[in-house]
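Please look over the sequence and the model before reading on.

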Amino acid sequence: MDFNVKKLASGAGLFFTRAVQFTEEKLGQAEKTELDAHFEKLMSRADCTKNWTEKMYRQTEVLLQPNPSARIEEFLYEKLDRKAPSRITNAELLGQYMQDAAKEFGPGTPYGSTLVKVGECERRLGAAEREFLQTSAISFLTPLRNFLEGDWRTISKERRLLENLRLDLDACKTRLKKAKVAEAKAAMAPDFQETRPRNYVLSASASASLPLFLFQAEHELRVAQTEFDRQAEVTRLLLEGISSTHVNHLRCLHEFVEAQAAYYKQCHLHMQELQQELGRLPNAFALNSTHSMATAAFEAKGIGSPVETETLKIEEVQAPATGTRKAKVLYDYDAADSSELSLLADEVITVYTLPGMDSDWLIGERGNQKGKVPVTYLELLS
């Protein structure tokens, strides 16, 4: 119990001494030991690394999981050291809804069959997203969190200890300076033995204790300087390790970019396949609505019904005098029948439309070849 009381009193005294030294430094009444310029630069670099790493970590979390409630749930599971339940992605959920709707509408109908195709694609996109999230969390997010929760906490702890030892060192310097000033005053004091012998006895007693106090102050300063130098070296080594942290984070960043590139490439391939599949499906709604509107227009003018798109004879089609345009092909396209024109990516063809045609199709010409081409595979040029 006595030991605890003494230890508590010693700790309180040390805290008070540091508080006094800190206050006097802020008021400009005490000198402060300054660190060298290289050390200050290392600390500034470490602070900058911590701040930007924390920002990138938080924003990457938002990118991978935009839902704040889901992020909080994952955080709680992590703190409880439990595995978070598997969560379906939004694309997978949308794909499931589309396929369920197709069953209700009838998978044999144009709308139902399209829903089935799009739903399958959305589920593949969701699976690709799930893989991207897992890869990014392991290769990029985890190393950033390990730095913030591991290395940076160690650096912060050692820096706080260094600052405390610096305050102790400066407090020792202040005590030594005061002791030297007191010794100098004592050496210059007049001798009052003849007139005031009692005061002389007191003065002699105080003068005798000054060398001991000065010796003790010098010893405390040497000890404080040694501890400060040792801690400064430890902190310096940790701060210089930030360079290794940058190298590690650079490697993780490359892995994150590769994961993103693979994810977007896979999504692009899935969408290309979906476009090709939809291009081969009949668009009954567009054909019927366009045919009905065109028929009504021709009958109102007394001309008669136009030729239906699906029975269009390509060899009899003539390009109009005006309204033709150039178009660049975005993707390869294989003609489903003799009325369509096969396309190669990046080639340029001439396109135009005819009265009563479906808005999703155009007539394309390449030399002596002509046929229907889907609009979604083209980029119209000016």
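Which residue just after α3 takes a positive phi? It is Asp81, with a phi of about 55°. The model is a predicted one, in which local features need pLDDT of at least 70 and side-chain atom pairs count only at pLDDT 80 or more, while totals for chains, interfaces and linings use all residues. Residues are numbered from 1 along each chain as its sequence is written, and side-chain values use heavy atoms, with hydrogens and water left out.

Helices here are DSSP runs of H or I with at least four residues, and strands are runs of E with at least two, numbered from the N terminus. The 12 residues of α3 should span 16 Å at 1.5 Å a residue, and the end C-alpha atoms are 17 Å apart, which agrees. The expected span is 1.5 Å times one less than the number of residues.

Ile72 is found in this helix, which covers residues 68–79. With a relative accessible area of 52%, Ile72 is exposed (exposed means over 50%, buried under 20% and partly exposed in between, with a 1.4 Å probe and protein chains only). Together with Phe75 and Leu76, Ile72 forms a nonpolar patch on the surface, with about 310 Å² of accessible area in total. Such a patch joins nonpolar side chains (Val, Leu, Ile, Met, Phe, Trp, Tyr) within 5 Å, from residues with over 30% relative accessible area and no salt bridge. Accessible areas come from the Shrake-Rupley method with a 1.4 Å probe.

**Salt bridges**

A salt bridge is a side-chain nitrogen of Lys or Arg within 4 Å of a carboxyl oxygen of Asp or Glu. By this rule the count comes to 12 salt bridges. Three of them are listed here.

| Pair | Closest N to O |
|---|---|
| Asp36 and Arg236 | 3.3 Å |
| Arg166 and Asp170 | 2.6 Å |

Asp36 lies in the loop between α1 (2–26) and α2 (37–64), and Arg236 lies in helix α6 (residues 197–240), so this pair links parts of the chain 200 residues apart. Asp36 is partly exposed, at 36% relative accessibility. A network of salt bridges links Asp36, Glu233 and Arg236.

Glu163 and Arg166 are 3 residues apart in helix α5, about one helical turn. Arg166 and Asp170 are 4 residues apart in α5, again about one helical turn. An α-helix has 3.6 residues a turn, so residues three or four places apart point the same way. Glu163 is partly exposed at 34%, whereas Arg166 is buried at 3% and Asp170 is buried at 2%.

The unreviewed UniProt entry lists residues 155–182 as "coiled-coil region"; such annotations may be inferred rather than shown by experiment. Over residues 155–182 the chain is 100% helix and 0% strand.

**Aromatic pairs**

Rings of Phe, Tyr and Trp (its six-membered ring) pair if their centres lie within 6.5 Å; planes under 30 degrees apart count as stacked, over 60 as edge-to-face and the rest as tilted. The count comes to 8 aromatic pairs. Phe140 and Phe256 are stacked, at 4.7 Å centre to centre and 20° between the planes. Phe140 lies in helix α5 (residues 110–188) and Phe256 in helix α7 (residues 242–280), so the pair ties together parts that are 116 residues apart in sequence. Both residues are buried. Phe132, Phe140, Phe256, Tyr263 and Tyr264 form one aromatic cluster.

Note on methods
Patches are made of residues with over 30% relative accessible area and no salt bridge: like charges are joined within 9 Å, nonpolar side chains (Val, Leu, Ile, Met, Phe, Trp, Tyr) within 5 Å.
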